[in-house]
Number of protein chains: 4
Amino acid sequence: MLMTFRAGFVVFLVFVATHAHAQSWTPPTDAQRCPSKWGAADQRGAGNHMKPETVLRATRLIRTGEVFELGRVLRSNMPFSSGRRFQMETKRTNMNAGSNRRGSNEEIVFSEIGQVGTQFDGFTHQTIGDSLYNCVKLDDVATRTGFTKLGMEHVGSLITRGVLIDVAALKGVPMLGDTYPITEADLQQALQRQKLTLQPGDAVIINTGWGRLWDTDAPRYLASNPGLTIGAAQWLAKQDPMLIGSDNGPIGVTPEPEPNLSLPVHQIALVVHGIHLLENLKLDELAGKQIYEFALIVQPLKIQGGTGSTVAPTAVR
Amino acid sequence: MLMTFRAGFVVFLVFVATHAHAQSWTPPTDAQRCPSKWGAADQRGAGNHMKPETVLRATRLIRTGEVFELGRVLRSNMPFSSGRRFQMETKRTNMNAGSNRRGSNEEIVFSEIGQVGTQFDGFTHQTIGDSLYNCVKLDDVATRTGFTKLGMEHVGSLITRGVLIDVAALKGVPMLGDTYPITEADLQQALQRQKLTLQPGDAVIINTGWGRLWDTDAPRYLASNPGLTIGAAQWLAKQDPMLIGSDNGPIGVTPEPEPNLSLPVHQIALVVHGIHLLENLKLDELAGKQIYEFALIVQPLKIQGGTGSTVAPTAVR
Amino acid sequence: MLMTFRAGFVVFLVFVATHAHAQSWTPPTDAQRCPSKWGAADQRGAGNHMKPETVLRATRLIRTGEVFELGRVLRSNMPFSSGRRFQMETKRTNMNAGSNRRGSNEEIVFSEIGQVGTQFDGFTHQTIGDSLYNCVKLDDVATRTGFTKLGMEHVGSLITRGVLIDVAALKGVPMLGDTYPITEADLQQALQRQKLTLQPGDAVIINTGWGRLWDTDAPRYLASNPGLTIGAAQWLAKQDPMLIGSDNGPIGVTPEPEPNLSLPVHQIALVVHGIHLLENLKLDELAGKQIYEFALIVQPLKIQGGTGSTVAPTAVR
Amino acid sequence: MLMTFRAGFVVFLVFVATHAHAQSWTPPTDAQRCPSKWGAADQRGAGNHMKPETVLRATRLIRTGEVFELGRVLRSNMPFSSGRRFQMETKRTNMNAGSNRRGSNEEIVFSEIGQVGTQFDGFTHQTIGDSLYNCVKLDDVATRTGFTKLGMEHVGSLITRGVLIDVAALKGVPMLGDTYPITEADLQQALQRQKLTLQPGDAVIINTGWGRLWDTDAPRYLASNPGLTIGAAQWLAKQDPMLIGSDNGPIGVTPEPEPNLSLPVHQIALVVHGIHLLENLKLDELAGKQIYEFALIVQPLKIQGGTGSTVAPTAVR
C-alpha cells in the first residue's frame, strides 16, 4: 500500500484502509474502558483468573510428567529490541578465610531484566497517552525507581491451562511469512483443526514458527514478524484469557499494517483488557510434538514496581 | 554452646567442640569426590532427579489447587549479602509515533541477579580451592562473562515433591535462636513429628522462622542465622535430595561453630554432592498452615554461564 | 517562621517573607530570560568566556608551578545525593595469549558519572518547569540516552582566573554554621578583606569550610549546608563569571530559607544565566595557605548529551 | 613490512624479523626490574616527574592562550576494545516540590570508565604474569572493587611539556599504514625534522594519523594500527618521559610483528618503567597546525583503586 504523510492524503488512505481491511482502530477513551471489569481498584487484570480451580484445571492435564522448557537462554548476544541488552561480568573469585578453602563466584548483571529474552509483560509497560491499565495515570505512579501501582509484585506465579494455537501448522508451513497477519479466522480454524476450544483464564499461546530465527538470524527476527491483527487480538480478548503468548517479541504483526498505528495489540492486551503478554517463547518442541493442551506454569520475578520480568516458563503434560 | 572471643578460651572451646560434636571437617579431596555419582561429564548434579516420574510424584500431591508464593519481592532495600545490590532505574517513557499514542516503559536493572533475593544456587557459585562440582577446574571454565561449564542454562525448571521440615515448630518456637545449630537429630525428630520420610529427589525445605526478620530487621537477618550443622547437611546429602532450601541466606548455621571453617554447608551441598540450594525463602504461610508436603516448582532463569538465579518459587498442594 | 500549606495563608506568608528577608523569588518567565545574552542558538552560556585572552589572564598567574588538587577521590562510600552511587567491580584478570604473560585488568563502573563526587554541572541538569537554559524545551531534547542539545560535549576544557572567596575566614571560623546563608554583603566583605575584585569570566570559588565533613561525617555533609542566598547568587551572576564553585553540593544554602522554594540558586545559575556550577570541591589547601587567586583548570568529560561530569579540577599558581 | 598469515611464510618472516630488527623480547624478571628507580615503595612511577619546575617549564610554553582539545566525545557507539562499552540512560525528570518548578535531570552510566574513549592508563591495568609495576603482586592488591595499591587516586593531575612527534608527517602521509611499525629511527628523524629534543618528564605524543578513523571507520580503527615497535618503546622509555600518548588505542603497533608476543609495549611502559599511557587522542588539529610543543594538561579521575581513567586532555600554547 502506498503511503504518504501529506495530510490530505492520510485521511483518504485511512478511509480506504478501513474499508478494505476493516482494521482501523482508535484506542478506547478512559471513559469507555474504565473502570476495569475487575473493579476500579484492581491491579491484577486477567491475573485474577488465578484461583485454585484454575490451577486444578491445569494440573489435571498433567499425565506423563513431561516438562517442556519454553524459555530462552539469557545471553548477551540474543536478539534485543532497540536499546535493550543483557550484560554480565563475572566478579573476581573471592577466596574466603578458612581452612576449607571456599571460593565464591557471582556475577553482576546490567539489563532491562523485565524486558529481555523470554519475557512477561506487566501493566506498567504500556500506556494509551498518559493512562495505564484501569486508567491509572502515569504521572501519579511513575518514579525513578519503579511504579507505585501495577508493578510486577502484584502478579504472582501463574498456573493455568495452556492452549497452543499452531497457525503455522494450519497453513502447512514451518514458519509464517515475515509480515503475515494472523486473523480471527486463522485462530478459529486452527482451534477447529486441533479440536480444542478456549476457556476463560487460559494461557493462549500462538505458534508462528518465527522462533526458529531466534538463534540463527537475529536481524530478521527483529525486523518484522508474523503476528496477531487488531481483529484477532480483539477476538482473543473476548475469550477472556489470563495471558497471550507467542514465539516473537511483539505478539502483534509487525510492522502493523495500518501505518499510523504503533503496536496496537500491546495496548489492546495490556492497557485496555489487562491481559498479560508472554513473549519470545520457545515453542518448537510443543509444535513439533503437536502438544496443544498442557499446564502452563510461569513464575515472574517479583520486581517491585517493575514493568515486566524475564521468565523461564514451562509447559507440563 | 557458649562462645567467647577471648583468645585463651577460644582454643579450649574449639578443642571441646571438636570432641563433643565431632564436627571438624576437611573438604574431601578431588580424588575422594570425583567423578560425581552422576558421571564424570555431568553438569546437572542432583538436577538429574528431574524425570517425568518425579514430576508426577509431585503433581499427584496437588489436590486443592492452592499456590503458596515462596519468593520475596525484589526491592533495592531488601537484605543483601556483602557487596550485592538490586538497583533499578525507570527509563523515560518513550512515546511512540502513531495516532494511538502508545507510551512504553521499561527499567534498567543493575544487580547480582543470580545471587539476590530468593535465590537458587548453581554449581559455579562455590569452590573447594580451585575446583568446582565434579572437579571442574575454575581456571578452565571461568571467563569475564560467565562460566563455560556448569552454568545456569543447564539446570532447567524443577518440579518435585517438596517437604517442609519445620525445626522451629519442633522446638515450639516461632523462630530458632540467632545461631541455633540444627542437627541431624533435629531433622529426624521433626520428620517423625510430621510423620513424613524423605525420598530421593525431594526438595527439602527447612523452616527456621528466621525469615520473619526479612522485612523487619535486615541487619539481624544478615548478622547470623540458625541453620544446618555440617553433620545435618551430610545426613541430608545422604538422603539424595534434588535441592535443599531454607528461610535464610546461608542454609548452614552462621557463624559456623568451628571458627576455622567458612560456610562448609555450601561446599558440602554444591561442590561435594551437586545439590542445589534455594535461599531466602518465604515460608511463613506453609509453616503457619502446617503444609509439610507439596509440589515444589522453581524456574531458575537460564543465565548462560551464570552462578545462580533470583527466583519466585511456589509450593502447590 | 511558621509555615502552612493552606492556600489562604500561603499568600499572606509569602508576602511577609518578601518584606522581612527580601528573598522571595519567582523564576523569570521564558520571555524575561530568553534569548540568552549569548544568542538565541547558544549552547555554551558563560562557557563562551573561554577565549585565548581568558587563558592567558589565568596562566599569567602561574608563578611557582604549585598544583592544588581540588577533586575528591571517587569511592563507593563517599557522600551521595539521594539516588546516586559510584559502584565499581574489578573484572577478572585476563591473561592474554603470548610468551610475555601479559595480564589485563579493568573495572566496570555503574554510576551517575555526571553527578557524583567533585562534579561539574551542565545546562541540561536543571529546568524551570519544562524549560532549560536559553528556553530549550525539555521534551524537544530529552531522549532515553541523553539530550540532543546543551549536552556536555559542548562545554570543552576550561582554564580561567580562579578567585577563592573565603567566607569562613571572613567570619573567623574554620567552617560556617550548618545552614549559614551567605549574603551579597558577605561576598563583598570577603573580597575586600582579600583585596581582590571579580572580573567577567572568572571562576568564583566559595569556601565555606563545609568540605571538612566530606571524609568524616557524610550524613551531616548531606543534611544541610552553608551556601549562597538567592541575593548573593544574583549578585554573583551580575559579575558575569564563567562558573561558580564551592566545597558543598548544592552551592546554595540548604535548606533554602524560603520553604516554598527548592534550590533556587541552581536555577539562577544554570537555567537563568547559563553559568556552570562546580560542586563538592576540596578547598582546604587553598584556604589554609590563603591562596585566593590562581589559574583554575577543569576538564569535564565530553559525555554526549550528558547533564554534568565528575571532574578532578586543579588550581595552579 | 610485508606480512602474511600463510603458515609456511610466517616461520620464515618471523625468522627474518628477529634477525633484521632484533625485536625478540622477553619481559624482564622481577629481579631485573625491581625495585623501581623511584624507590621500592613507589606507586607513582614517572608521575614523580610532576614538580613545580615541570609545571613552569610547561606553562612557559603558553604564549597565545589557544587550547586544543585532545579528548574524544564519549558516546555509546564509539570504537571500543573487546568487552567494553559506554552506556547511558537518562533518568526520568524529577520535578521537585516548590513553587519554583525545578526539574532535575541526571543519567546513569554503565561503562569501563577507566578504559574507554580517550583514556589514561594507570599501573594496575597491566601485569607481567602475576606482577605489576614495582613488582607489586596482583593477588596482594586485587579486590572485587579495585586495587589496594597503585590505583588512580595516586596519580594526580599532570601538567608538563608536551611534544608531538609527527611520524605521519615525516613519512609524508596523512595516515601511516594499517600495521606500520614505528622504529626508533622514525622517532629520531621526526624529532630532527621538527627541530626538537626530548627532555625527562615530557609527555611524548605520537601522531600516526590513525585517529582520523575514529569517527569514520571503527572496525578498521580497531582491527590493527600503526604504532611503536618494541625498540622504539624502549628508546622512548630511556628518554624518561612522564607519559606516552598516541592517536590509537594500543600505542604499540598492532598486531605485534612477533606473533608470540601480546602488546609488549604496554608492558614496557606500564609494568617495566612505570610510564603512563594516554590513548585514543584526537591529534588532527595539533598535527594540522604543526604545533609540536605545548603545555599538556590531563586530569585523570581519582578512581579509588582504578586501573585508568577516561579523560579530556588539552594542549595549550
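## Exercises on two interfaces

In this predicted model, chain C and chain B bury about 1300 Å² between them, with carbon and sulfur atoms giving 47% of that area.

**Exercise 1.** Find which residues of chain C lose the most area to chain B.

*Solution.* Start with the residues in contact: 17 come from chain C and 17 from chain B. On the side of chain C, the greatest losses fall on C:Arg92, C:Phe110 and C:Arg144, which together make up 52% of what that side buries.

**Exercise 2.** State how many salt bridges link chain C and chain B, and check one pair against the cut-off.

*Solution.* The count is 4 salt bridges. Take C:Arg85 and B:Glu89: their closest N and O atoms are 2.7 Å apart. The cut-off is 4 Å, so a pair of this kind at that distance qualifies. Next, look at the strands: E2 (86–90) and E8 (142–143) of chain C each supply at least two residues of the side that touches chain B. By class, that side of chain C has 3 nonpolar, 7 polar and 7 charged residues.

**Exercise 3.** Describe the contact between chain B and chain A by residues and buried area.

*Solution.* Each chain is counted in turn: 90 residues from chain B and 90 residues from chain A. The buried area is about 6800 Å², and carbon and sulfur atoms give 54% of it.

**Exercise 4.** Determine in which sense strand E5 of chain A pairs with E5 of chain B.

*Solution.* Locate E5 of chain A at residues 107–111. This strand and E5 of chain B pair in the antiparallel sense over 3 bridges. Within this pairing, A:Val109 stands opposite B:Ser111.

How values were computed
Residues are numbered from 1 along each chain as its sequence is written. Chains are lettered from A and ligands numbered from 1 in the order in which they are written. This is a predicted model: local features need pLDDT of at least 70, side-chain atom pairs count only at pLDDT 80 or more; totals for chains, interfaces and linings use all residues. Side-chain values use heavy atoms; hydrogens and water are left out. Contact means heavy atoms within 4.5 Å. Buried area is the accessible area (1.4 Å probe) that two parts lose on being put together, summed over both. Two strands pair if DSSP finds at least two bridges between them. Helices (H or I, at least four residues) and strands (E, at least two) are DSSP runs, numbered from the N terminus. A salt bridge is a side-chain nitrogen of Lys or Arg within 4 Å of a carboxyl oxygen of Asp or Glu. Ala, Val, Leu, Ile, Met, Phe, Trp, Tyr, Cys and Pro count as nonpolar, Asp, Glu, Lys and Arg as charged, and the others, Gly among them, as polar.
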